[in-house]
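Subject: Structure handover and notes

Dear colleague,

I am passing on the structure we spoke about, so that you can look through it yourself. Please open it first and keep it beside you while you read.

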Amino acid sequence: MHIRSYRPDDAPALWQVFHSAVHQLTKDDYSLQQRQAWAPDVPDRTGWQKRLDALAPYVVESSQGQALAYADLQSDGYIDHFFVAASASNTGAGRLLIEYIEAQARQRGMQQLSADVSLTAQGFFQHFGFEVIRQQAPEVRGVQLSNAHMRKLLR
């Protein structure tokens, strides 16, 4: 596995990473209705492309060139997307990515990282030193999805 910068032609593969993560990895914490609101089966391809182009995430890729995970790091230390494909769960792709994001943040002189984290991913983020700041329930496509705003101070 290795990490590389996003390319615009990654958008379809990253949709698959996102969709599989939401629909397969979070099913114990979110209902089908919630997962469909979060990641519909039919994506808005134009909207998705624009979103990823703006986020410019890092991509974890297998040695065969398959996208396994992706995450972004915004200039204020906010991680908007952090997703690992269901097929890459427990392979070390998430660890590789979170450690890379933290190293990038430190290199840029950031004081903290933050993210709005699903119920499913809270334990993962806590393992890497994030703390829950508040629980929240944002609405996505008319459906509430519980998550937590988490933060890690970088010293």
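This is a predicted model: local features need pLDDT of at least 70, side-chain atom pairs count only at pLDDT 80 or more; totals for chains, interfaces and linings use all residues.

Residues are numbered from 1 along each chain as its sequence is written, and side-chain values use heavy atoms, with hydrogens and water left out.

The whole chain

The secondary structure of the protein chain comes to 5 helices and 10 strands, where helices (H or I, at least four residues) and strands (E, at least two) are DSSP runs numbered from the N terminus. Along its principal axes the C-alpha trace spans about 40 × 40 × 30 Å. The radius of gyration of the protein chain is 15 Å, which agrees with the value near 15 Å that a compact globule of 155 residues would have; this radius is taken over C-alpha atoms, and the globule rule is 2.2 Å times the number of residues to the power 0.38.

Of the 155 residues, 48% are buried, a word that here means under 20% relative accessible area, with exposed meaning over 50% and partly exposed what lies in between (1.4 Å probe, protein chains only). Among the contacts in the protein chain with a separation of 6 or more, 63% come from residues 24 or more positions apart, a contact being heavy atoms within 4.5 Å.

Helix α1

Helix α1 covers residues 11-25, and its 15 residues should span 21 Å at 1.5 Å a residue, which agrees with the 20 Å between its end C-alpha atoms; the expected span is 1.5 Å times one less than the number of residues. The buried residues of α1 include Leu 14, Trp 15, Val 17, Phe 18 and Val 22. An α-helix has 3.6 residues a turn, so residues three or four places apart point the same way. The buried residues of α1 pack against α2 (32-38) and α3 (45-55), and also against the strands β2 (58-61), β3 (67-71) and β5 (82-84).

Single residues

His 2 lies in strand β1, residues 2-5, and counts as partly exposed because its relative accessibility is 36%. Not counting residues up to four places away in sequence, His 2 touches Val 59, Val 60, Glu 61 and Ser 62.

Gln 104 lies in helix α4, residues 93-107, and is buried, with a relative accessible area of 15%. Leaving aside neighbours within four places in sequence, Gln 104 is in contact with Tyr 58 and Leu 73. Gln 104 and Lys 27, by contrast, are 77 residues apart in sequence and 31 Å apart in space, C-alpha to C-alpha.

Two further residues may be worth a look for their backbone angles. Ala 56, in the loop between α3 and β2, has a positive phi of about 45 degrees although it is not a glycine, and Ala 56 is partly exposed at a relative accessible area of 42%. Arg 141, in the loop between β8 (139-140) and β9 (143-144), likewise is not a glycine and has a positive phi, of about 50 degrees, while its relative accessible area of 60% makes Arg 141 exposed.
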